[in-house]
Amino acid sequence: MLTAAKRSEVSVSAPFDTDLLDRLMDEAGIDVLLATSKHAVQYLLGGHRSIFFDTMDAIGMSRYLPVFVYPKGAAERAGYVGYRLEKYQREVKPFWVSEAQTTSSGCVDAMEKAVDYVRRLGPKPRRIGVETAFLPLDAATALRSAFPDSEIVDALGVLERLRARKTPAELKMLREASDRVIDSMLAVIANHGPGATKQELVDALRREETSRDLAFDYCLITAGTSVNRAPSPQRWEQGDILSLDSGGNYHGYIGDLCRMAIHGEPDAELEDLLGEIEAIQRVAFKAIKPGAMGGDIYAAAGPLLRKSNNHNHLDFLAHGMGLVSHEAPRLTATGPVPYDAYDATRALETGMVVSVETTLLHPKRGFIKLEDTVAVTDQGFDIYGEGGRGWNRGGTG
């Protein structure tokens with residue numbers, strides 16, 4: 001049975017807009033929400049992440065499965081099922097929910113405890129919302145067996161809408177993540193001379209990001225005229241261009257940016273190519289403002305893309321950013337990550353965050369790209385991590 005937390009521990013209100021969540025659940029016809037992804041649970045609990053499972057999920061014959069339970073219209077009865085080691089974090093910083101248990105181990109065990117709590121909430125729910133992409137089959141089977149007459153539906157869209165507008169605290173973390181990724185990139189570029197391998201550069205970037213209190217997620221890297229973006233023994237030599245496209249997260253919030261570098265001095269053609277990409281980025285930024293349709297970003301970039309001499313080799317993408325890359329706002333249905341363009345015909349709102357990226361796969365000069373993180377503000381837009389936008393010069397050795 002789910003153990004009741006002391007009511008005196010629940011001294012703070014929910015860290016999200018419960019009225020909005022209730023409304024979204026009502027529109028979706030969801031009576032009870034069970035969130036099981038680490039990023040959704042972090043959001044709903046106000047920043048909590050298991051320190052034991054921060055970078056892994058598997059353990060023994062199962063995996064970590066946090067379960068946040070939210071009954072529509074009753075935030076005061078929200079509950080949480082966590083792994084047994086989370087009890088130490090709970091002692092340091094109690095969860096805001098009225099009931100919690102941190103004694104689970106494995107998917108089925110966690111779901112059975114969540115099921116027990118849902119049963120104690122009252123009448124059987126008609127419709128249960130879950131994150132289908134983040135619910136293991138064994139846990140889903142246990143839930144289905146417990147509520148055979150309830151309809152189980154995907155609530156990912158509900159949670160995405162809830163997170164679409166970032167709070168000032170979230171925006172601060174996204175800015176920090178972006179600034180720290182840029183600073184890390186510039187340090188790597190400045191400290192490596194000709195002959196450094198792509199693998200060495202990625203390893204160095206990992207160290208730089210980690211030293212800035214970021215969790216290193218990835219680095220896509222190209223050197224010279226190659227468009228291969230994997231770390232490798234290929235060397236960044238004198239006269240070669242370099243692209244660093246890295247994601248590092250700060251307390252779960254992602255900084256995802258791309259910058260260019262060169263050993264030596266760029267010639268006129270390289271200056272023009274990067275300048276063209278910069279112009280496309282800037283015109284897209286100007287379309288980002290509250291009240292503008294999400295699709296206006298693509299409409300603004302379109303004319304420059306079409307008239308470019310390199311239009312057959314250019315690619316433009318704009319997507320939402322936050323705890324998840326490519327979260328709301330969803331602005332295109334033709335990008336590399338499949339989803340519908342829900343927000344293309346809807347107004348952008350203050351607090352939304354968009355990644356804007358323009359990529360050129362030049363047949364002779366190689367891979368050239370800029371990627372920026374842009375927040376919608378009351379006045380228009382704000383760029384996070386704006387440094388290093390030109391041809392950054394590599395070190396001398």
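User: Which residues does Gln89 touch, leaving aside those up to four places away in sequence?

Analyst: In this predicted model, Gln89 touches His48, Arg49, Ser50 and Ile51, when residues up to four places away in sequence are not counted. Gln89 itself is found in helix H3, which covers residues 86-92.

User: Why is Gln89 called buried?

Analyst: The relative accessible area of Gln89 is 17%. The term buried requires a value under 20%, so Gln89 is classed as buried.

User: What makes Leu220 partly exposed?

Analyst: Leu220, in strand S10, has a relative accessible area of 33%. Partly exposed covers the values between the buried limit of 20% and the exposed limit of 50%, and Leu220 is therefore partly exposed. Leu220 touches Arg229, Ser243, Leu244 and Asp245, not counting residues up to four places away in sequence. The C-alpha atoms of Leu220 and Ala187 are separated by 17 Å, and these two residues are 33 residues apart along the chain.

User: How do you know that Cys219 is in no disulfide?

Analyst: A search of the whole structure finds zero disulfides. For Cys219, the nearest cysteine sulfur is that of Cys258, 8.6 Å away. A disulfide needs two cysteine sulfur atoms within 2.5 Å, so Cys219 is in no disulfide. Cys258 is likewise in no disulfide, its nearest cysteine sulfur being that of Cys219.

User: Are Cys219 and Cys258 buried or exposed?

Analyst: Cys219 has a relative accessible area of 7% and is buried. Cys258, with a relative accessible area of 0%, is buried as well. Each conclusion follows from the limit of under 20% for the term buried.

User: Why are helices H4 and H5 called roughly parallel?

Analyst: Helix H4 (residues 107-121) and helix H5 (residues 137-146) pack at an angle of about 30°, and their axes are 8 Å apart. Angles under 35 degrees count as roughly parallel, and H4 and H5 are therefore described in that way. H4 passes H5 in a right-handed crossing. On the H4 side the contact is made by Cys107, Val108, Met111, Val115 and Arg119, and on the H5 side by Asp138, Ala139, Ala142, Leu143 and Ala146. Of these residues, eight are nonpolar, none is polar and two are charged.

User: Why are H1 and H6 called roughly antiparallel?

Analyst: Helix H1 (residues 18-28) and helix H6 (residues 156-163) have axes that cross at roughly 150° and come within 10 Å. Angles over 145 degrees count as roughly antiparallel, and H1 and H6 are therefore given this term. The crossing of H1 and H6 is right-handed. Leu20, Leu21, Leu24, Met25 and Ala28 of H1 make the contact with Val158, Arg161 and Leu162 of H6. This contact has seven nonpolar residues, no polar residues and one charged residue.

User: What is noted about the phi of Asp213 and of His326?

Analyst: Phi of Asp213 is near 65°, and phi of His326 is near 70°. Both are positive values in residues other than glycine. Most residues other than glycine have a negative phi. Asp213 lies in the loop between helix H8 (198-211) and strand S10 (215-223), and Asp213 is partly exposed, with a relative accessible area of 49%. His326 is in the loop between S14 and S15, and His326 is buried, at 15%.

User: Where is the cis peptide bond that joins Ala328 to a proline?

Analyst: The cis peptide bond joins Ala328 and Pro329, with omega about 5°. Pro329 lies in the loop between strand S14 (314-320) and strand S15 (353-362). Most peptide bonds are trans.

Technical notes: Residues numbered from 1 in each chain as written. Predicted model: local features only at pLDDT ≥ 70, side-chain atom pairs only at ≥ 80, totals over all residues. Heavy atoms only, no water. Buried < 20%, exposed > 50% of the residue type's maximum accessible area, 1.4 Å probe, protein only. Axes fitted to C-alpha atoms, helices over the stretch in contact; angles between N-to-C directions. Helix = DSSP H or I, 4+ residues; strand = E, 2+ residues; numbered from the N terminus. Parallel < 35°, antiparallel > 145°, perpendicular 65-115°, else oblique. Left-handed = near helix turned anticlockwise from the far one by under 90°. Contact = heavy atoms within 4.5 Å. Nonpolar A, V, L, I, M, F, W, Y, C, P; charged D, E, K, R; others polar.
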